[in-house]
Amino acid sequence: DGGARGKEDKAAAAGSGGKKGAAGKPARDAGKGGAAEAAEAVEACRFACALAEGKPMVKEAAVRTLVSCLRLQGAKEPWFVEQPEAEAKAIGILEALRLGARDDDAALDQVARLLSAEDGGAPAAGAKGAEPAKGEPLANPQLWAQLAERALALRRLPAVVRACDTALSFLEKRRADPTGGDPAPTEWRWFALAEWLHGAALSGLLAEGQAPDLSAQLRARAAAHFAT
């Protein structure tokens, strides 16, 4: 009888207090379970970062995921990923900027210092080329282009131009070096992004009432970057 079975089911649920699952185990508290799972995710990401040494693309993905997990865990400063490499520290801050966990000029400045070997941090394992001297930019066009992208989002136009110039300088150096070879296919994306962002920043400098000669110069330079 369906009605009888329904009464029995309700009685069974009442007898257990609704606190046990089908296997008879206490149901997990939602809040505590979520905190435990977040902590496990953070530890898994840290472990992934350690395993990814010498594999920059994998390390980048692990660091970005770590920032997201730390943010979900409620960390006040999720961009502090406790990684020794300057690139990893920069990625942590860039990801925080992308997620909206930070939106301050100081974050952009800190990334620029990290990528200029001015703010501590060892070079990434597996990075190409010799270790840069203090103040010399790290040869990572991707991170410089992403810094320019975040700077444009915050309307820091001079910072956009500087970051784009730095990213594109690596392409110029490679072209000037007969033994440098062509960039990898994955690198062209970042050079193209740097060109576009540079043009966007120059376009953003246009203003009403500006001297005609200056406006024409800005338009011409922006068009040249867009067309490259």
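Analyst: Relative accessible area sorts residues here: buried means under 20%, exposed over 50%, and partly exposed in between, using a 1.4 Å probe and protein chains only. The model is predicted; local features need pLDDT of at least 70, side-chain atom pairs count only at pLDDT 80 or more, and totals for chains, interfaces and linings use all residues. Residues are numbered from 1 along each chain as its sequence is written, and side-chain values use heavy atoms, without hydrogens and water.

User: Why is Trp188 called partly exposed?

Analyst: Its relative accessible area is 38%. That value falls between 20% and 50%, so Trp188 is partly exposed.

User: How much of the protein counts as buried?

Analyst: Of its 228 residues, 36%.

User: What makes up the secondary structure of the protein?

Analyst: Nine helices and zero strands. Helices here are DSSP runs (H or I, at least four residues), strands are E runs of at least two, and both are numbered from the N terminus. From that end the elements read α-α-α-α-α-α-α-α-α.

User: How many aromatic pairs are there?

Analyst: Three. One of them is Trp79 with Phe80: the ring centres are 6.1 Å apart and the planes stand at 50°.

User: What makes the pair of Trp188 and Phe191 edge-to-face?

Analyst: The planes meet at 75°, which is over 60, and the centres are 6.1 Å apart, so the pair is edge-to-face. Both residues are in helix 8 (residues 185-204), three residues apart, so about one helical turn separates them. Phe191 is buried, at 3%.

User: Which residue lies over the face of Trp79?

Analyst: Arg102, at 4.7 Å from the ring centre. A charge sits over a ring if NZ of Lys or CZ of Arg is within 6 Å of the centre and within 35 degrees of the ring normal.

User: How do you know that Ala107 is buried?

Analyst: Ala107 has 0% relative accessibility, which is under 20%, so it is buried. Ala107 lies in helix 5. It touches Ile93, Leu97 and Arg102, leaving out residues up to four places away in sequence. Contact means heavy atoms within 4.5 Å. Ala107 and Ile93 are 14 residues apart in sequence, with C-alpha atoms 6.7 Å apart.

User: Why is Cys164 called buried?

Analyst: Its relative accessible area is 0%, so Cys164 falls under the 20% limit. Cys164 lies in helix 7. Leaving out residues up to four places away in sequence, Cys164 touches Ala148, Ala194, Leu197 and His198.

User: Which helices each supply at least two residues of the lining of the second largest pocket?

Analyst: Helix 5 (105-115), helix 6 (141-153) and helix 7 (157-176). Helix 7 gives the largest share, four residues. The lining includes Trp144, Arg156 and Thr166. It divides into seven nonpolar, two polar and three charged residues.

Terms used: 1 Å grid on protein atoms, 1.4 Å probe; cavity = no way out; pocket = protein on both sides within 12 Å on 5 of 7 lines; lining within 4 Å. Nonpolar A, V, L, I, M, F, W, Y, C, P; charged D, E, K, R; others polar. Phe/Tyr/Trp six-rings, centres within 6.5 Å; stacked < 30°, edge-to-face > 60°.
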